[in-house]
Amino acid sequence: MARALALLGAVALVGALSSTTRRALLRGAPAAALTGAATRATAADEENVAVYFGVGCFWHVQHEFAEAERAILGRDAFQWTARAGYAGGRKAGKDASRPGQSLVCYHNPQRIADYGKLGHGEVVGLKVPPSTVGKFAEAYAALFDAGGDRPDKGDRGGEYRSLVGLPGGESSPLAGVVAKALEGKGLKLARGSGDDGDTLGTGKVWLYDTAAFPFYQAEVYHQFHDGFMRGEQYGPKYNGLRMTAYEEGRLSDTGCPDIV
């Protein structure tokens, strides 16, 4: 239903304007600051950390973070770690076909492990060197509009809340650099306790500990998908990464109802 609502003309126009703005920001100063060989050499010596970011629909967020991986780390399309997924809920479903495995799924007719009912939000997870988290947080801040809200305001509810996941949550040394990146948009981090509500109009971004609130990869269908607002068609080459990654084992079958 949320996707259908977002197809309304007014919302699509907002999306088109915000998409142009955030891409300009992403490809500007933050990316330029890390293009030096010395910076990339330093990052290459670090062990990656798993983090996640969410702000509205994960389709366009995945695309923007994939491009951030290219700009900040020099990764090509086959090295991108950005994956659409779910996080921030207190519960997960059980995978009957794989005992012991947890399941979080998109809305589906079978009502299996629905992410919204389980309290999760849409996010994009990725693995990056700790020294670059601040730059990725700047790319994240660029996804918000001038008022500090997500561009796809037609989507409402906790599924579309703004959230960040870091190892250690509030106690992470990375929390400070993320908070600093968000300041320019008038946004503040707030400790997430799970199943948290929508952040639209609040100036708030929920912060989660990735150990307590892990990332769950979304279904293959949702990976490398076009955005649903005007101007967010990324082309067949980008879309084709979905099946390539699946066939090569870089995308896994989640156990959820899916279209592959």
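Q: What share of the chain's contacts with a separation of 6 or more comes from residues 24 or more positions apart?
A: That share is 75%, with contact meaning heavy atoms within 4.5 Å. A word on the basis: this is a predicted model, where local features need pLDDT of at least 70 and side-chain atom pairs pLDDT 80 or more, while totals for chains, interfaces and linings use all residues. Numbering runs from 1 along each chain as its sequence is written, and side-chain values use heavy atoms, leaving out hydrogens and water.

Q: Why are α5 and α6 called oblique to each other?
A: The axes of α5 (residues 58-73) and α6 (residues 133-141) cross at roughly 140° and come within 10 Å. Angles under 35 degrees count as roughly parallel, over 145 as roughly antiparallel, 65 to 115 as roughly perpendicular, and the rest as oblique. So the pair is oblique, and the crossing is right-handed.

Q: Which residues of α5 and α6 meet?
A: From α5 come Phe65, Ala68, Glu69, Ile72 and Leu73, and from α6 Lys135, Phe136, Ala139 and Tyr140. They split into 7 nonpolar, no polar and 2 charged; Asp, Glu, Lys and Arg are the charged types.

Q: What makes α6 largely enclosed by the rest of the structure?
A: Buried means under 20% relative accessible area, with a 1.4 Å probe and protein chains only. In α6, 8 of the 9 residues pass that test, so the helix is largely enclosed. Among them are Val133, Gly134 and Ala137.

Q: How many of the chain's 260 residues, as a percentage, count as buried?
A: For the chain, it's 53%.

Conventions
Axes fitted to C-alpha atoms, helices over the stretch in contact; angles between N-to-C directions. Helix = DSSP H or I, 4+ residues; strand = E, 2+ residues; numbered from the N terminus. Left-handed = near helix turned anticlockwise from the far one by under 90°. Buried < 20%, exposed > 50% of the residue type's maximum accessible area, 1.4 Å probe, protein only.
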